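Okay, thanks for coming, everyone. Let me put the structure up on the screen, and then I'll walk you through a few parts of it.

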Amino acid sequence: MKESNEPQYVIPARYRKMENMHIIFWLLKDLSWCMIWKVLGIAMIAPTLIIAIIIAWRTRDIKAELAHNLAIAFWISANSYWMISEFFHIDTIHIWNGFEGRHLAIIPFAIGALILAFYYLIQKPRESKQEAAMATL
């Protein structure tokens, strides 16, 4: 294997195991949603969201990872609300001007998108400028 000067991103094995468990919980939540297994779907929200928040917390020192992991946590929140709204038939309740209950999921989806937009439009260019300045020293 060739040596690479590319920076490496390494995480402890116990963190990787938690990330893998997170995927299992997330899949169980979405499978339950698809199969209309209300109890299991709702029960899977807490471990899925809690692990997403823990992962975001553990990556807080790496801005790119933090931004993406926060976006995932908001995505899971939006997704979970949407699932609950369908389970309890509030997804089609008229709220205002063509908006229905399910559309409230737009709020956490948009927050996640705004976090990523901030990272890619502001934070990452800032980091690139700092790296370029450090390289010239």
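**A walk through the model**

Let's start at Phe99, which counts as partly exposed because its relative accessibility is 37%. For that scale, buried is under 20% relative accessible area, exposed is over 50%, and partly exposed is in between, with a 1.4 Å probe and protein chains only.

Before I go on, some housekeeping. This is a predicted model, so local features need pLDDT of at least 70 and side-chain atom pairs count only at pLDDT 80 or more, while totals for chains, interfaces and linings use all residues. Residues are numbered from 1 along each chain as its sequence is written, and side-chain values use heavy atoms, with hydrogens and water left out.

Now, the aromatic rings. How many aromatic pairs does the structure hold? Five. To pair, rings of Phe, Tyr and Trp (for Trp, the six-membered ring) need centres within 6.5 Å; planes under 30 degrees apart are stacked, over 60 edge-to-face, and the rest tilted. Take Trp33 and Trp82: the ring centres are 5.7 Å apart and the planes sit at 65 degrees, so this pair is edge-to-face. The pair links distant parts of the chain, with Trp33 in helix α1 and Trp82 in helix α3, 49 residues apart. When I say helix or strand, I mean DSSP runs numbered from the N terminus: H or I with at least four residues for helices, E with at least two for strands.

Back to Phe99 and its partner. The rings of Trp96 and Phe99 have centres 6.0 Å apart and planes at 10 degrees, so that pair is stacked. Trp96 is exposed, at 56% relative accessible area.

And Trp33, buried or exposed? Buried, with a relative accessible area of 15%. Trp82 comes out as partly exposed, at 29%. Ring pairs also bring in Phe109, linking Trp33, Trp82 and Phe109 into a cluster.

Staying around there, have a look at Asn79 in helix α3. Asn79 counts as buried, at 8% relative accessibility. What is Asn79 in contact with, leaving aside neighbours within four places in sequence? Lys29, Asp30, Trp33 and Phe109, where contact means heavy atoms within 4.5 Å.

Two of those names come up again in the salt bridges. The rule is a side-chain nitrogen of Lys or Arg within 4 Å of a carboxyl oxygen of Asp or Glu, and by it we count four. Asp30 and Lys29 form one of them, at 2.6 Å from N to O. Lys29 is buried, at 0% relative accessibility, whereas Asp30 is partly exposed, at 28%.

Another joins the side chains of Arg16 and Glu19, at 2.8 Å, N to O. These two are three residues apart in helix α1, so about one helical turn separates them. As a reminder, an α-helix has 3.6 residues a turn, so residues three or four places apart point the same way. Arg16 is partly exposed, at 42%, and Glu19 is buried, at 18%.

Then there's Asp91 with Arg102, at 3.6 Å, N to O. This one links distant parts of the chain: Asp91 is in the loop between α3 and β1, Arg102 is in the loop between β2 (99–100) and α4 (106–136), and they are 11 residues apart. Shared partners join Asp91, Glu100 and Arg102 into one salt-bridge network.

Okay, helix α2. How does its length hold up? The 21 residues of α2 (residues 38–58) should span 30 Å at 1.5 Å a residue, and the end C-alpha atoms are 31 Å apart, which agrees. That expected span is 1.5 Å times one less than the number of residues. The buried residues of α2, among them Met44, Ile45 and Ile51, pack against α1 (13–35) and α3 (63–87).

Last stop, the surface. Met21, Ile24, Leu28, Leu31, Met35, Trp37 and Leu40 make a nonpolar patch of about 590 Å². Patches use residues with over 30% relative accessible area and no salt bridge; like charges are joined within 9 Å, and nonpolar side chains (Val, Leu, Ile, Met, Phe, Trp, Tyr) within 5 Å. The areas come from the Shrake-Rupley method with a 1.4 Å probe, and for residues only the protein chains shown count as cover. Helix α1 gives the largest share of the patch, five residues. Trp37 lies in the loop between α1 and α2 and is partly exposed, at 41%.
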